[in-house]
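Let's go through this one by asking and answering. Have the viewer open while you read.

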Amino acid sequence: MKVRFWGTRGSLAVAQKAASIGDKIAAALVAARGRTFADVAEARAFAESELDFATFGTYGGATSCVEVEAGGEGDAFIVCDLGSGLREFGLDAMGRCARGHARVYHVFLSHLHWDHICGFPFFVPVFDPAAEVVIHSGHPDAETALRRQQEEISFPVAFDWLRANISFRTLEVGTRYPIGAVTVEMIEQHHSHLSYGYKFTDAAGKSVVYSTDSEHKIDKMDAETAFVGFFGGCDLVICDTMYSLADSISMKEDWGHSSNVVAIDLCHEAEAKRLALFHHEPTYSDADLQRMHQESIRYEELTRETAPLEVLCAYDGLVVDV
Amino acid sequence: MGTSILVWSVVSHDGAARVVKPAGKIDESTATPFGERLAEEIEAAATDGLAKVVVDLSHIEYMSSRGLRGLTLGQRKASEHKVAIVLAQPNEIMREILAISRYDKVFKVFDSVAEAVAG
């Protein structure tokens, strides 16, 4: 399997400002210490090898959208959430369809909040009459949410004008669904109007969990046993790590999100192999996210008792081989 | 993870604060008894009319999020009794964990028990 992160930001899409790009360029020039480069390729090689990620790159600012690629071109696309990252996924998918990929999209919605559905009106495949889009959700009101955001007061293109064959399917916790090239399971999560996490397992037994917008309540820590079971032995767990632990149990308690250290503890207990930090706080700069990533790696080291857990920090454009 | 054993001692009770000293690792296997014992210590402090519980962390190897959140639940219980919880002499690992979790922003952390009692 491959996992492609098209949008990793939480709550609200953000963009780099001129000043932050200027800061990155200035830091890169200082790091180069007067070196000259024969061409762009040589300069890029220097930047990739010598600069930290927050200077050389960016974590991006599109909201939640993650593709799980399982099977081949004949199999359906699998997409988690319809955040603003969906726009770029849609364009890329159209290119792949032009080269022969099946025009079938299985979408899995964590929940219906705006940042997780706002990309749908800009999803080009829904204008493809040959496309089939199946929107899976634990929420029976998913169709209402998607239709409502395209009503005239909010958007100029009505849902009924879309050309693809779009259908909605409500899934249930506790059932294993064979869908496309994977088997899908779902877990209920604590969030306003509920949210759902998904586990995708391919024919080879590789598994990926997508668990975002999930608050692990301080007064219901026993409920974490279910998540440890759900994450058990997974090859990649994508977790909501929006806040510090202190924020998540103080000022931002009941905001529906979790922390890096709780995600690491759950993955440790579940003996998962890799964790991707996800649903990044929109006020965090690249430097903030890089620091959070480094601190998470250190926390994993400090609390590790068995096999190492690799801690990734998801960014828009990251591709992970599972 | 294996089952850890948590040992407690109440090392002083000097009229200003109840000083409690758990020893071991606080992870998912010990967090519940840690929280229960901390609650008992808070109630004992309140019964004795003490305004503060000092948690001496010097013999804590490390604390996972379960233990940290146990401290917060203790803090909430303590505030109901108008008792404060402060932390004292964490080892280097615990100092890092308190910083990474930003718990050093929500608890007062002292280098020594004496400073914690006086602070």
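Predicted model: local features only at pLDDT ≥ 70, side-chain atom pairs only at ≥ 80, totals over all residues.

Me: How much area is buried between chain B and chain A?
Reply: Contact here means heavy atoms within 4.5 Å, and the contact takes 24 residues from chain B and 22 residues from chain A. Buried area is the accessible area (1.4 Å probe) that two parts lose on being put together, summed over both. Carbon and sulfur atoms give 60% of it, and the total for chain B and chain A is about 2,300 Å².

Me: Which element gives the largest share of the side of chain B that touches chain A?
Reply: Helices (H or I, at least four residues) and strands (E, at least two) are DSSP runs, numbered from the N terminus. Across this interface the rule finds 11 residue pairs in polar contact, both at pLDDT 80 or more; a polar contact is a pair of N or O atoms within 3.5 Å, where within protein one must be able to donate a hydrogen and the other to accept it, and residues adjacent in sequence count only if both atoms are side-chain atoms. On the chain B side, the elements giving two or more residues are strand E4 (60–63), helix H2 (65–80) and helix H3 (92–100). The largest share, eight residues, comes from H2(B).

Me: Which residue of chain B meets the side chain of A:Glu224 in a salt bridge?
Reply: A salt bridge is a side-chain nitrogen of Lys or Arg within 4 Å of a carboxyl oxygen of Asp or Glu, and the rule finds six of them across the interface of chain B and chain A. For A:Glu224 the N to O distance is 2.7 Å, and the partner is B:Arg69.

Me: Where do B:Glu41 and B:Arg37 both lie?
Reply: Their side chains form a salt bridge at 2.7 Å, N to O. B:Glu41 is buried, at 4% relative accessibility, while B:Arg37 is partly exposed at 26%. The two are four residues apart, about one turn of the helix, and that helix is H1 (residues 31–47) of chain B.

Me: What separates the centres of domain 1 and domain 2 of chain A?
Reply: An automatic or database domain assignment supplies the bounds: domain 1 is 2–14 + 58–321 and domain 2 is 18–34 + 41–56. Six residues of domain 1 are in contact with four residues of domain 2. Taken over C-alpha atoms, the separation of the centres is 31 Å.

Me: Which residue forms a salt bridge with A:Lys24?
Reply: The rule finds one salt bridge across the interface of domain 1 and domain 2 of chain A. For A:Lys24, the closest N and O atoms are 2.7 Å apart, and the partner is A:Asp286.

Me: What relative accessibility does A:Thr212 have?
Reply: A:Thr212 sits in the loop between strand E10 (207–211) and helix H6 (224–231) of chain A. Not counting residues up to four places away in sequence, A:Thr212 touches several residues, among them A:Asp81, A:His116 and A:Phe278. A:Thr212 counts as buried because its relative accessibility is 0%.

Me: How far is the C-alpha atom of A:Ile166 from that of A:Ile135?
Reply: A:Ile166 is found in strand E6 (residues 165–170) of chain A and is buried, at 18% relative accessibility. Beyond four places in sequence, the residues A:Ile166 touches include A:Phe120, A:Val126 and A:Ile135. A:Ile135 is 31 residues away along the chain, and the C-alpha separation is 7.5 Å.

How values were computed: Residues numbered from 1 in each chain as written. Chains lettered and ligands numbered in written order. Heavy atoms only, no water. Buried < 20%, exposed > 50% of the residue type's maximum accessible area, 1.4 Å probe, protein only.
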